[in-house]
Amino acid sequence: MHSLDAPTAAPPRHKHEADKLAKRLRHQVGRAIADFGMIEDGDKVMVCLSGGKDSYTLLDVLLQLQKKAPVRFSITAVNLDQKQPGFPEHVLPDYLKSIGVDFHIIEQDTYSVVSRVIPEGKTMCSLCSRLRRGALYTYAQTHGYTKIALGHHRDDLVNTFFLNLFFHAKLSGMPPKLLSDDGKHVVIRPLAYVREADIEAYAEAKGFPIIPCNLCGSQENLQRKQVKKMLAQWEKDSPGRIETMARALGDIRPSQLSDTALFDFRTLGQRGDAALPDAHAWLAGAPAEHTPLALPARPIRNHDGLDILKG
């Protein structure tokens with residue numbers, strides 16, 4: 001899978017397993033597209049291709065689904081050449097030409113910027129990601145793409161949730177579909193239901209010419225790596241736990257959390273119409289003057305199921 005040579009077909013003895021895996025991936029990607037309304041008729045989909053297993057798999061499965069999709073949409077593979085020293089520039093163009101897909105290579109020297117700004121030994125991921133996103137968003141807007149498809153998978157979604165929980169003190173994650181902050185771009189993640197292990201197996205079977213990321217991939221002690229290691233251990237101890245957590249991301253119950261912006265806890269069960277004192281009043285230490293609250297008579301159901309009046 002890590003070879004930069006031309007892709008090779010799966011060995012015949014593994015063809016049955018490879019076909020089953022391909023069918024499962026098509027089903028999962030198709031279901032994600034339908035569940036989140038990712039692609040509609042007439043869409044111009046820009047598939048961001050990095051040269052890694054995830055984006056190769058995303059492009060391959062979308063091309064398969066496009067042939068029998070209930071809507072018509074176009075696909076263009078777009079890669080950002082960040083001018084990293086030693087980057088094999090020929091690999092992606094050669095591969096994309098071989099499969100006959102429309103593509104474009106954006107050339108932008110973000111590597112020099114990251115290397116100059118980030119001190120040696122520090123994590124480059126954050127700045128690199130922002131610069132890459134800016135370049136891709138600009139290209140998408142300039143050329144009229146209506147959807148930007150990224151290769152994040154199920155495990156990425158779970159990892160990001162715990163990354164934000166442990167290091168940023170917030171319950172948020174990586175949604176399967178989002179609108180950019182400026183409202184100009186719709187980003188979709190069709191692999192949202194797909195396991196990373198299945199993507200690895202699929203990439204191996206298809207023989208994609210994987211290009212490793214040496215810019216930041218070799219940096220140690222990254223927060224995301226810590227979370228990924230933790231989840232891998234959880235999965236080893238309790239197989240199926242990551243899938244359970246992934247399903248939980250789609251079953252949010254605001255009334256059982258603590259976010260007052262999502263659920264009105266203050267007035268929940270409130271007995272009267274008077275304004276409730278705020279935190280300043282509670283912390284001031286001086287009781288407010290008040291008169292006893294006269295509650296209106298209202299029916300209360302007793303244990304026998306009969307209504308009685310209580311004032």
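Analyst: One definition first: axes are lines fitted to C-alpha atoms, for helices over the stretch in contact, and angles run from 0 to 180 degrees between N-to-C directions. The model here is predicted.

User: OK. Which strands does helix α2 lie across, and at what angle to β2 does it run?

Analyst: Helix α2, residues 53-68, lies across β1, β2 and β4. Its direction is at about 165 degrees to β2, which covers 74-81.

User: What's the strand order in the sheet?

Analyst: The order is β3-β2-β1-β4-β6-β5. That makes six strands in an open sheet with mixed pairing.

User: Which strands stand at the edges?

Analyst: β3 (103-107) and β5 (177-179). Each has a single partner strand, so one side of each is left without a neighbour in the sheet.

User: And the twist, what does it average?

Analyst: From one strand to the next, the twist averages 25 degrees.

User: Zoom in on β1 and β4. In what sense do they pair?

Analyst: In the parallel sense, over three bridges. β1 spans residues 44-48 and β4 spans residues 147-149.

User: What stands opposite V45?

Analyst: K147, in β4.

User: Switching to rings. How many aromatic pairs are there?

Analyst: Ten. One of the pairs is Y56 with F208, which is stacked. The centres are 5.2 Å apart, with 15 degrees between the planes.

User: Where do Y56 and F208 lie?

Analyst: Y56 lies in helix α2, and F208 is in the loop between α7 (196-206) and α8 (223-237). The pair therefore ties together parts that are 152 residues apart in sequence.

User: Are those two buried or exposed?

Analyst: Y56 is buried, at 1% relative accessible area. F208 is buried too, at 2%.

User: Which residues share an aromatic cluster with Y56?

Analyst: Y95, Y202 and F208.

User: Now F162 and F166. Why is that pair called tilted?

Analyst: Their planes are at 40 degrees, with the ring centres 5.6 Å apart. Stacked needs planes under 30 degrees apart and edge-to-face needs over 60, so the rest count as tilted.

User: How are F162 and F166 placed along the helix?

Analyst: They are four residues apart in helix α6, residues 154-168, so about one helical turn separates them.

User: How accessible is each, F162 and F166?

Analyst: F162 is buried, at 9% relative accessible area. F166 counts as partly exposed, at 45%.

User: Last one. Which residue lies over the face of Y145?

Analyst: K44, at 4.9 Å from the ring centre.

Notes:
Residues are numbered from 1 along each chain as its sequence is written. This is a predicted model: local features need pLDDT of at least 70, side-chain atom pairs count only at pLDDT 80 or more; totals for chains, interfaces and linings use all residues. Side-chain values use heavy atoms; hydrogens and water are left out. Two strands pair if DSSP finds at least two bridges between them. Helices (H or I, at least four residues) and strands (E, at least two) are DSSP runs, numbered from the N terminus. Contact means heavy atoms within 4.5 Å. Rings of Phe, Tyr and Trp (its six-membered ring) pair if their centres lie within 6.5 Å; planes under 30 degrees apart count as stacked, over 60 as edge-to-face and the rest as tilted. Buried means under 20% relative accessible area, exposed over 50%, partly exposed in between (1.4 Å probe, protein chains only). A charge sits over a ring if NZ of Lys or CZ of Arg is within 6 Å of the ring centre and within 35 degrees of the ring normal.
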